[in-house]
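I opened my notebook to look up how the chains meet and how each one is built. My entries follow in the order I made them.

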Amino acid sequence: MTVPAVLFYAFAALAVLSAIGMVVQVRNTVASAMSLVITMVALAGIYVLLEAHLVAVIQIMVYGGAIVVLFLFVVMLLNLRSDDFGPARQRLVRLAAAAIGVFALTWMLRLFSGLPEAPPLPEGFGGYREVGIALYTDYVLLVEVASLLLTAAIVGALILAKRKID
Amino acid sequence: MVNESSDPLLRWIPLLPLLAAIFHGVMIGVVRRATPRWLVIALSCGTVAGSFLLSCVVFASLAGLPDGATLVDGLYTWIGAGVGELRFNAELRFRLDALSSVMTLVVTGVGLLIHVYSIGYMDDDHRDDKGFQRFFCYLNLFTFSMLMLVLGDNLVLMFLGWEGVGLCSYLLIGFWYSDRFNAYCGSKAFIVNRIGDFGFLVGIFLLFGALASAGAPTVDFAEIRASFGLISEMTVPAPFWGPEWRLVDLIGLCFFVGACGKSAQLPLYVWLPDAMAGPTPVSALIHAATMVTAGVYMVSRLSFLYAAAPVASAVVAWVGALTALFAATIAIAQTDIKKVLAYSTVSQLGYMFLAAGCAGYTGAVFHLVTHAFFKALLFLAAGSVILAMHHEQDIRKMGGLRRRIWQTHAVFLIGVLAISGIPPLSGFFSKDEILVAAWTAHVPGHLWLYAIGLVTAGITSFYMWRLYFVVFWGESRASHHVREQIREQPPVVVNPLWVLAALACLGGAIGFPQVYGDALGIERSHSLNNFLGGLFPVVEHHLAHSTEYAMALAAIGMAGAGFGIAYLCYVARPELPVRAAAALKVPYQLLLEKYYVDELYDALIVRPLVKLSDVVLFRGIDAGLIDGVAVNGTARGVRGLAAHGLKYLQSGFTQSYVFLMIVGAVAILGYLLR
Amino acid sequence: MVPLDHVIGLSAVLFTIGVVGVATRRNLIVMLMSIELMLNAVNLAFIGFNRMWPGEPGAIALDGQVFVLMVIAVAAAEVAVGLGIVISMFRNRDSVDVEVVSLLRW
């Protein structure tokens, strides 16, 4: 049991537990958001273990630092301190169905089919230099389209959230 | 086989009347404006006159060719289906051989005379001034169909003409359709014809199927005739009446069913007397001269088939003879001038089939021609009488007309002389030939056939002279008002009568029997036989000259007896028929009511069929099954499914939708990753 | 390191938790957060696969990581617009309960 493996299982457990915590937290929306942050950070840790360093850093910055913060902004703005809408209809049924779903999925993925261990890594894999080269040579179109998408989202969000001008 | 030469004139013979009919139809139906009468007359009569002239021209060119030659005129392939062994080709091709040329001359010639007559007869039809044009439209359409029938090169074209004349018969019988009875008579004619047409179609199918199975699929007459030997010995297993039947017998019987319908033989004759509801020119053209002779033409065209089918030929001969006798007895007691002539037509058609069944095809065609002359003459003269009597058709209200309308009287007398078989008018020669054919036939019981023919000749003479005496002799029994207005009709009505009278007198010349020709020193005197002989199977019969003279004398004797009895009953001692009718009440009633055949058909066939159609087909299947279950039921089912089932899917709850999406995704993934 | 199966298994578990969150919670904001969790699970799968097939020393294959970056960008855009919708809805109905807006129904 090497150190990376132990770390992986630790981070995995953390991610799962905080994810469950996020879903289960009914009383406090802010607590849900905090659980989500913990999940993101745990996942970032796993990315590092999987040699995706740039992506891990970006995950922390964007997800943890921007997206969840945005969630918290909205929660604060709408004064949703504590809410209790009660259970959704037929919650148990849905829960059961979802549980069945996950078991079905994992079974389908054949968790223990025995794929081989990871192969050796080429030099510079996952580093900012290699990812940057890939982004701006092979996938430059993708980058441009993503920027367009972000622009559209900004405009959309502005218009949606704006107060009516009287 | 036969040498054929092409003649592009042939296509114009049926095409001219069709063009006139189309013009009239367009003017009436699309343009809807009244056409000036002179234009209608010029177009209709002109096109039929043109067809007649063309018929004469092609007849002359055909006569100039050696024996057995035909003229053909092919246009295009009308129906072409299949390849190889299973091909079905119906060409649009006209064939003029000796038989068709005779028929074409009769159809166009007599048709032209009747068109001219109709100008005067329909002149008082001022209802909306389109009645006149509509009449000529239908007449032209009929002429076209009849010409297609006789000129068609194959069974499909003949059937086209067959159906076309049936349609025009319906249109023309019910011409004055505002009187529902006339429309009913038209429908009756069409429906009874359809029953016959079913037999005709089955015959075509059987014939084509047999030829196709023998490797020569065709519907052309020439090719059928050439390949006929392939199927003439085929048999089919029989459900009754022996272990098996010959296929050609079956085919001949099926075609004869069609002929029974079209040519009004037992048991499908019931439409012809009711067809007298139509205008008199219609009765003359369609129900005396042309349409009803289509059956005789068909049998003659397929003479090679009937020659090889003794059972079918025997049935044809016997049905013809019995029909002749049956109809003649009914005619004795009728009191409507047109009904007497209608039953007379049925009777004379029976004679033609009697001849055809006894292999006397030339005799049948000869009688067809002479009958066209004198029956059309009689009908048109009767029309003249009806017009003079202001549309009165009951002979009990007529009388003494011979002094007032002497022209009509003269031509009617000539017609009666012809139909009774008094020499030297045409009817004598044609009837004599039929009786000779019956005497020498190989049909079982042919001597009885001869006897029936002879007796029916006597009855024919009797009822025709009865009609003549009652209408034209004695004192007028009409009301004073009508009597004052009896006038001869204008020349446009009367002149065609004189032409037909001349033809009825002289028409016998084309069929002058050889036995008299020998006596008079004329070689090959029977022109018609010489002209048509190559087409029909040769029948050798040698009758001693003395037998032939004796038969002729017997026929003349029967005719004379009929004349005598009629004179006795209706001129010398008019109280005799009244006492006879009173004494023989039941037979008289039976004859007067036409043996109650119509009532029998109504009770046995028509009413049950109507009831069945109403209860089962209409209420059960149409309204109940198709409307209720299929149409309305489907709608109700869909509505129920949507209203009670599908709508609950649109719950508006996002989470239900999410749930359903998950289920769907899991299902698809499960299917793909299994 | 761990076998690939375990990484993918973790991804599946996180994804299912996200699905349960979307299907179960009535709070719209928590639903959006659950969607984010699902996207993250997918990202993990991408990274795992990319680790498994990193390419040759001369031809590095970084497709998975690039795609993860794109997914992060799309997720950010989606959150922005989604929260804008939440704000609009709150203004109209004074609640972020998803069952309050279930009007388009039979």
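**Entry 1: chain C and chain B**

The largest share of the side of chain C that touches chain B comes from α1(C), with 4 residues. I sorted that side by class and got 7 nonpolar, 2 polar and 4 charged residues. Here Ala, Val, Leu, Ile, Met, Phe, Trp, Tyr, Cys and Pro count as nonpolar, Asp, Glu, Lys and Arg as charged, and the others, Gly among them, as polar.

I looked up salt bridges between chain C and chain B, and that count is 0 too. A salt bridge needs a side-chain nitrogen of Lys or Arg within 4 Å of a carboxyl oxygen of Asp or Glu. In contact (heavy atoms within 4.5 Å) are 13 residues of chain C and 11 residues of chain B. The size of an interface is often given as the accessible area lost when the parts come together. Between chain C and chain B the buried area is about 990 Å², and carbon and sulfur atoms give 64% of it. Buried area is what two parts lose in accessible area (1.4 Å probe) on being put together, summed over both.

**Entry 2: how I read the model**

I noted that this is a predicted model, where local features need pLDDT of at least 70, side-chain atom pairs count only at pLDDT 80 or more, and totals for chains, interfaces and linings use all residues. Residues are numbered from 1 along each chain as its sequence is written, chains are lettered from A and ligands numbered from 1 in the order in which they are written, and side-chain values use heavy atoms, with hydrogens and water left out.

**Entry 3: chain C and chain A**

Next I turned to chain A. The contact takes 73 residues from chain C and 86 residues from chain A. About 7000 Å² is buried between chain C and chain A, with 78% from carbon and sulfur atoms. I did find 6 residue pairs in polar contact, both at pLDDT 80 or more. On the chain C side, α1 (4–24), α2 (28–52) and α3 (63–93) each supply at least two residues. α3(C) gives the most, with 23 residues. That side divides into 47 nonpolar, 16 polar and 10 charged residues.

Chain A has 6 helices and 0 strands. Helices (H or I, at least four residues) and strands (E, at least two) are DSSP runs, numbered from the N terminus. Of its 166 residues, 36% count as buried. Buried means under 20% relative accessible area (1.4 Å probe, protein chains only).

**Entry 4: chain B and His24**

Chain B comes to 27 helices and 5 strands. Of its 674 residues, 53% count as buried. I then picked out His24(B), found in helix α1 (residues 12–31) of chain B. Why does His24(B) count as buried? Because its relative accessibility is 0%. The side chains of His24(B) and Ser44(B) are joined by a polar contact of 2.8 Å. His24(B) also touches other residues, including Val40(B), Leu43(B) and Phe136(B).

Key: Buried < 20%, exposed > 50% of the residue type's maximum accessible area, 1.4 Å probe, protein only. Polar contact = N/O pair within 3.5 Å; in protein donor to acceptor, adjacent residues only side chain to side chain. Lists of a residue's contacts leave out its neighbours within four places in sequence.
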